[in-house]
Amino acid sequence: MPDFNDTALETQLRRYLYLGKETPVFQPGHWFSHDYYEIKNIPSVEELAVNPLKHDVIISSIIETQEKELVQNPETLVFTLAVCAQQEKNEILRQKAYDAVQKICKSPEHFILFIKFCSKIKKESGTSKSGWGHGWRRVVKDWYLSKSPMELAKIVTQYKSRYGWKHKDIFKLAHITSTDADKKLIITYTMFGLEKAKLVNTGNPLSESQEELIKFFQSIEDFKHCEDENSSAAMIDSLDLSLDHVPGHMLKSEEVWNSLVSKMSLTEMLTNLQRVHNLGFLNQNGVILPKVIDLMTEQNVSKEKIHPAVFLVTLRNYENCGKPLSFEKRKMKEQAKKPLPPPPPVNKKVCDALNKLLCLSFLHIQPTNVHYMVAINTNKALRESGCWHSGNVNAAEAGALIALSLLRAEKSVIISTFRDDRIECIDVDVNSTLVQLMKKLEPTNVEIADLGKPILWAADKKKSVDVFINIVDQISLKSDGSEDAIKSYRSKMSLPNAKLVNCALCSSTVYKKESYDKNILSICGFDDKVPKIIEAFARSYF
C-alpha cells in the first residue's frame, strides 16, 4: 500500500509551481531552453495521483497559486495541469484537471501552451492510447465555444499560431462544430479562409451579426496585406489591434509603433523598450518618445504593481544597449562572422524617467509583515561583478535593492555585512535611496562568507527573525554552516518555521545536497523575478 502521508509531496508540488523544480533552488533564465517542462521534473504529481484523497489538493494547489499572483513563470501552472490531464494513474484526476482548464488557461496563449504540453507528454510517455480522448476534445470545445462570437473572432485572428500550434490544427483534432450560426462562420473562416466563410449559409443571405464578422475578418485580411504605414496604423486604432496582430513586414514602421505604444500598459512598454529604441524611434524629435515618457507615471507603477527590480534591470539593460547575449546568440553571431549593427545612443530622458520610477516604486511594495535580517558580503567579487543571467546589473547593487525593498516595506528589517570575524549591522534610514544605501555598504575583504554567522549573531543577541537572507557572490560547501545554524536557531528561539534564503548572485549553480530543508531556499543569479520569489517564500506559499 502507498504511504498517504503526502505532506512532503505537496510541498514539492508547490515548489515546482514557483521554482520550476521540486528542489528549493531558483535559477532565472529561459526555462523552455533548459528543459524545465519535463515529466521527470515533477514526480510528485504521479505519486500524489495514486491517493484519491489528494486529487483536489493537486488541482486546488494550482488554482490557489494562480490566485496569489506571485508565481513568476505561469507556464509551470499550465504544465502541471497538462501532466495531471495526461497521467494514467487515475481517471478522476484527469477529468478534474480538464475541468480546471478554463480557470488556469484564461489567455489564448496559455491555452495553446496547454495543448502543446499535452501533445508533448503524450508522445514522450509512449501511451498505449491512440488519438485524443473524449475529455481532451470536450475541454477544447468548451474553451472555444464558451466565448462570445466577437471574442472568438478576435482570438483566432490575434493568435494565428503559438508554440508551433495553429487554431486550425486544434479545431481539426477536436472536431469542433457549432449549431450557432455566428460561431459556425468563425470555425469555417479558421479552417478554410474568408471566401468559404462568406458562403457558410449555402446561398442564403448572411445575418446582421454574420455580416459584422465578415467585415471584421475582411479588415484583418486587409491589415495583414497592407503595405502603407499610415493605413496600417489607422487600422490598429480602429480595430483595436495589438502587437500580436502586426505582420512581420510592418514591425519596423514608426507609424505602426506609434499606434501600438498608445495602447500599451507600462509593463508592456518596459518589455518592448529596447526593441523600440533599437529601431531608432526614441529620438528627441520623434512622436513616440513623449508617449513612452507619459506612460512612466507613479500611478501606473501602483496600478500594475511593478517591483523596483523590474526598473533596475530595465534601466541597466537599456544603458548598456540591451540584454547580454545568451550563449546561443553569441555562438550564432560568431558563426556568422557579422557584427550586429550598433543601436542608437541611449536617450537621457528615458534613463531619467526610469531612474525616477525606480525611486518611486519602493513606495508601492506590499509588506509581508514578517521580521527579516539581510547580510551582504561586500567583497570585491560582489562589488565588481555583474549578476549571473543579468550581467548588466552590478551584483552589489542587486543585493542593495533586495535589502532596500524590504526596509521600505517592512516594520522589522536588520541590514548587516560580513566582516572577517563578525557581523556588522548597518544603521540605514528607512527613507534612504538605493544610491545612499550603496554608500553605506563599505567594502570588505571576506572572500568566502560563512553563511551561518548572521544566524548565530541573531541567536546570541536573542533577535527574533522570521527570514534570514544572505547575499553573496557564491556559496561554498566548506564555508556554508547555515543549515546547522538555522536548526539551532529554531530550537533556541522557539521559531520552528524560521526561514533562510541564500542568494549567490554571481553563480549559476549551488552544490547539490542529499536532502533539503523545506525552509531553506537557494537562489542563483538575479533577475526581476527574484524579489517576488523571496516574497512568496517568506509568505510560506511553497
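Me: How are α10 and α11 oriented to each other: roughly parallel or roughly perpendicular?
Reply: In this predicted model, helix α10 covers residues 167-174 and helix α11 covers residues 181-192 (helices are DSSP runs of H or I with at least four residues, strands are E runs of at least two, both numbered from the N terminus). They pack at an angle of about 115°, taken from 0 to 180 degrees between the N-to-C directions of axes fitted to C-alpha atoms over the stretch in contact. Angles of 65 to 115 degrees get the label, so α10 and α11 are roughly perpendicular.

Me: Which α11 residues do His167, Lys168, Phe171 and Lys172 of α10 meet?
Reply: The two helix axes run 8 Å apart. Contact here means heavy atoms within 4.5 Å. On the α11 side, the partners are Ile187, Thr190 and Met191.

Me: Is Tyr36 buried or exposed?
Reply: Tyr36 sits in the loop between β1 (25-26) and α2 (44-49). Its relative accessible area is 9%, and the cut-off is under 20% for the one class and over 50% for the other, with a 1.4 Å probe and protein chains only. That makes Tyr36 buried.

Me: How far from the C-alpha of Tyr36 is that of Lys21?
Reply: Beyond four places in sequence, Tyr36 is in contact with several residues, among them Tyr16, Trp31 and Lys21. Tyr36 and Lys21 are 15 residues apart along the chain. Their C-alpha separation is 7.2 Å.

Me: What do the numbers rest on?
Reply: Residues count from 1 along each chain as its sequence is written, and side-chain values use heavy atoms, without hydrogens or water. Local features need pLDDT of at least 70 and side-chain atom pairs 80 or more, while totals for chains, interfaces and linings use all residues of the predicted model.

Conventions: Angles under 35 degrees count as roughly parallel, over 145 as roughly antiparallel, 65 to 115 as roughly perpendicular and the rest as oblique.
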